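Reader: I would like to go through this structure with you, a few local features at a time. Shall we begin?

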Amino acid sequence: MTVATATRPLDLLADFPAIPPGWAYLDTAATSQKPRPVLDAIARGYGETYATVHRGVYQRSADMTLAFEAARERVAAFIGGKPGETIFVRGATEGINLVATCWAGTQLEAGDRILLSTLEHHSNIVPWQMVAGKVGAEIDVIPLTPDHRIDLDAMAAMITPAHKLVALAHVSNVLGAVLDAKRACQIAHSVGARILLDGCQAVPRLPVDVAEIGCDFYVFSGHKLYGPTGIGVLWGRSELLEAMPPYQGGGSMIDRVTFARTTYAPPPGRFEAGTPHIVGVVGLHAAIDYVDGIGLARIHAHETALVTQARDALSQINSVRLFGPDDSAGIVSFAVGGVHPHDVATILDEGNVAIRAGHHCAQPLMDALGVPATARASFGVYNHAGDIAALVKGIERVTRIFG
Ligand SMILES: Cc1ncc(COP(=O)(O)O)c(C=O)c1O
């Protein structure tokens, strides 16, 4: 099989020591494998360059501080933001919790409404439920179109001035559906609502420019972007961040501490209490350099071609039901009639194909699709046509085993 794409398929397997020959790793939406330059940056970070940041007066610490802040500039430029608006967090989950606690928790009042969509990850549902419960706000849910996108016409029809916050996935982790993020922001702003985009699955797959999109907050996790675990990013408009109280108290986030009173540092430091994940930040910088070196437009074309190939092949197997739109970004969810997705994944694993099976932290979406779980194949820069062939062969074996 050949991948039908205008550009040449990527051929980067050699950069990924964790992927042995013959193993089809199709779980990048859960977490990506790491390329050699990221592994090297992490080894150097804990090796010959290691020291704390922002505190030491000795040269090594000053150098590490420069590297840490250079990474912030790199991340900001990567998503079209400014360094002062770019906060290092543990991951998208922490970024959303931070906005829920520090922005929604202080801005929303009883009777206000929050607008989410049917396809959100639990990370973009539960923090809003927690804050809504505290302040007395209500949550509304945007339905999906028949081809499983967030229905923006429905959003435009249901949003009211009582909606103070909208929070949507830029790319669905289950369906791969890509949000028209600019339009979603325009609709949110038309009633004066703020909008947070969950960019976990978008940042590794599409060029993202927060200024062009026009959102108010944007979050993503480093480990899905070929970087380390435990590091992620919250970007927010500076006027919103300036007005927000700190998330946690501790070292680094202060201006002046006395027992009578503490004043806080300006953002981003205000939201980065304690010693940060220094080497995580350094590794994230290397990951962004790696991804930018390939080019997100090329990555997107590569993954889109793999999605098309996978959907075409799977749709020819009678018992397979595909979810999500045909132009989904890098992610294909499916069900094999009469077979639990866990059995599908187990049989595929016997053939060296690693997929995810389950509710993908999106139980309300499973309810809407009318299934308890799906099987999900998700792609990264290292995948190739051979992986799709192995997937299809595995599914054919599943159908033979289960008759
Ligand atoms: C769309 C989406 N949002 C949020 C998350 C949560 O990311 P993390 O667990 O890295 O904080 C994920 C992870 O699967 C995701 O895919």
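Reader: Is His148 buried or exposed?

Author: This is a predicted model. In it, His148 is buried, with a relative accessible area of 16%.

Reader: Where is His148 found?

Author: His148 is in the loop between β4 (138-142) and α5 (152-158). Its phi is positive, about 70 degrees, although His148 is not a glycine.

Reader: What is phi of Ser252?

Author: Phi of Ser252 is near 75 degrees, a positive value in a residue other than glycine. Ser252 belongs to the loop between α8 (238-243) and β9 (254-257). With a relative accessibility of 32%, Ser252 counts as partly exposed.

Reader: Turning to peptide bonds, what is the one from Pro267 to Pro268, cis or trans?

Author: That bond, from Pro267 to Pro268, is cis, with omega near 5 degrees. Pro268 sits in the loop between β10 (262-264) and α9 (278-294).

Reader: Now the helices. How do the axes of α10 and α13 cross?

Author: The axes of α10 (residues 296-315) and α13 (residues 385-401) come within 10 Å and cross at roughly 25 degrees. An angle under 35 degrees counts as roughly parallel, and α10 and α13 are therefore roughly parallel to each other. The crossing of α10 and α13 is right-handed.

Reader: Which residues make the contact?

Author: From α10, the contact is made by Leu306, Gln309, Ala310, Ala313 and Leu314. The α13 side consists of Ala385, Ile388, Leu391, Val392 and Ile395.

Reader: And by class, how many of them are nonpolar, polar or charged?

Author: The contact of α10 with α13 has nine nonpolar residues, one polar residue and no charged residues.

Reader: Changing topic, how many disulfides does a search of the whole structure find?

Author: The search finds zero disulfides.

Reader: How far from Cys361 is the nearest cysteine sulfur?

Author: For Cys361, the nearest cysteine sulfur is that of Cys200, 11 Å away, and Cys361 is in no disulfide. Cys361 counts as partly exposed, with 26% relative accessibility.

Definitions and conventions: Residues are numbered from 1 along each chain as its sequence is written. This is a predicted model: local features need pLDDT of at least 70, side-chain atom pairs count only at pLDDT 80 or more; totals for chains, interfaces and linings use all residues. Side-chain values use heavy atoms; hydrogens and water are left out. Axes are lines fitted to C-alpha atoms, for helices over the stretch in contact, and angles run from 0 to 180 degrees between N-to-C directions. Helices (H or I, at least four residues) and strands (E, at least two) are DSSP runs, numbered from the N terminus. Angles under 35 degrees count as roughly parallel, over 145 as roughly antiparallel, 65 to 115 as roughly perpendicular and the rest as oblique. A crossing is left-handed if the near helix is turned anticlockwise from the far one by less than a right angle, and right-handed if clockwise. Contact means heavy atoms within 4.5 Å. Ala, Val, Leu, Ile, Met, Phe, Trp, Tyr, Cys and Pro count as nonpolar, Asp, Glu, Lys and Arg as charged, and the others, Gly among them, as polar. Buried means under 20% relative accessible area, exposed over 50%, partly exposed in between (1.4 Å probe, protein chains only). A disulfide is a pair of cysteine sulfur atoms within 2.5 Å.
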